[in-house]
Amino acid sequence: MELALTFIGAAAAAFGAYELLERLRPGRRMALRGPAAPDPELPQLPAWAALWAALWPDRFAPSRARGRERILDLLRRAGYPYPSLGAYYANAVLTFGKAALAAAAFGAAWVLLGMDPLFFLPFAGAILLWALRAPEARLRRLIRRRAQAFRSNAMVGFAALGALLEAGVSPSEAMRRVGETVGGAFCNWLGFLAARMEAEDLEEALRRAEAHLPDPADVEMRLFLQALRDHFHHGQPLAPAVSDLREALRQAMVEETAARASALKVQAVAWGVLAILGMMLTFFLPAAELVAGLRR
């Protein structure tokens with residue numbers, strides 16, 4: 001096993017040195033691309049990274065990867081932080097490849113230092129497991145951030161949309177204007193919905209817009225989509241519904257802010273108690289040692 005780890009570490013060091021030299025000379029980069037690439041949806045990759053996609057297509061090849069639909073859904077909800085699905089999997093391949101090279105290099109160094117290689121295996125497994133989970137975990141973090149920005153921007157978007165509707169502007173035109181002039185996560189989503197309503201059937205446009213929500217369980221956003229259905233199918237006025245949703249969203253944000261402030265207050269009290277205990281120990285322990293010394 002020592003010989004195998006040493007060989008793998010030497011190969012990893014060679015690949016790392018090659019990659020460094022290729023970065024210094026980008027015009028001479030060798031990559032698997034086109035018909036020779038492991039997947040036509042993958043962008044240009046270094047040869048050592050493309051090797052992982054070829055060896056593990058169920059994980060890294062976009063057209064064959066398990067969980068492809070789940071990743072597409074996460075990309076939509078995150079606001080497309082990658083330009084394409086292939087770009088996401090290319091990032092995943094590079095992340096895993098770099099982690100594998102690092103683990104191999106550390107393993108070789110571990111063996112050369114004369115340590116038992118069996119103790120290194122859990123550490124290497126943790127590195128590789130992190131590398132496999134990191135790209136999807138990043139998407140989920142981006143979704144949470146977008147969901148927060150979405151609700152914050154919705155206050156402004158609903159206010160602007162309600163004013164345009166009360167002025168007699170049609171819903172699709174009002175949403176288009178809000179998306180073009182106000183900006184932000186929610187307002188851009190309104191502009192996207194308006195464009196889909198002009199190009200597609202209403203139900204299809206609403207389903208597509210719902211798929212792009214960062215939080216599909218967001219009550220106010222689902223009520224807004226239902227208000228659009230009621231307006232176009234049953235002729236119910238949209239402006240009062242938008243006003244009610246804006247007020248409901250404002251109240252929900254006030255309650256969330258109060259809950260967050262309460263949690264911070266509890267944490268501050270807890271840290272204060274711990275600080276007082278630490279000060280008491282700092283003062284009383286030296287005194288106790290001094291008394292014990294005098295008794296001796």
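Reader: Where does arginine 146 sit?
Author: Arginine 146 is in helix H6; helices here are DSSP runs (H or I, at least four residues), numbered from the N terminus. This is a predicted model, where local features need pLDDT of at least 70, side-chain atom pairs count only at pLDDT 80 or more, and totals for chains, interfaces and linings use all residues. Residues are numbered from 1 along each chain as its sequence is written, and side-chain values use heavy atoms, with hydrogens and water left out.

Reader: Which side chain of opposite charge is nearest to arginine 146?
Author: First the terms: a salt bridge is a side-chain nitrogen of Lys or Arg within 4 Å of a carboxyl oxygen of Asp or Glu. Lys and Arg count as positive, Asp and Glu as negative, and His and the chain ends are not counted. Buried means under 20% relative accessible area, exposed over 50%, partly exposed in between (1.4 Å probe, protein chains only). Arginine 146 is buried without a salt bridge, and the nearest opposite charge, aspartate 73, is 9.6 Å away.

Reader: What is arginine 146 in contact with, leaving aside neighbours within four places in sequence?
Author: Contact means heavy atoms within 4.5 Å. On that basis arginine 146 meets Arg76, Arg77, Ala78, Gly79, His212, Leu213 and Pro214.

Reader: And which salt bridges does aspartate 73 make with arginine 76 and arginine 77?
Author: Aspartate 73 pairs with arginine 76 at 3.7 Å, N to O, and with arginine 77 at 3.4 Å, N to O. Aspartate 73 and arginine 76 are 3 residues apart in helix H4, about one turn. Aspartate 73 counts as partly exposed because its relative accessibility is 25%, whereas arginine 77 counts as buried because its value is 17%.

Reader: How far apart in the chain are arginine 151 and aspartate 218?
Author: Their side chains meet in a salt bridge at 3.0 Å, N to O. The pair links distant parts of the chain, 67 residues apart: arginine 151 is in helix H6, and aspartate 218 is in the loop between helix H9 (202–211) and helix H10 (219–234). Both arginine 151 and aspartate 218 are buried.

Reader: What should I make of phi at tyrosine 80?
Author: Most residues other than glycine have a negative phi. Tyrosine 80, though not a glycine, has a positive phi of about 55 degrees. Tyrosine 80 lies in the loop between H4 and H5.

Methods
Helices (H or I, at least four residues) and strands (E, at least two) are DSSP runs, numbered from the N terminus.
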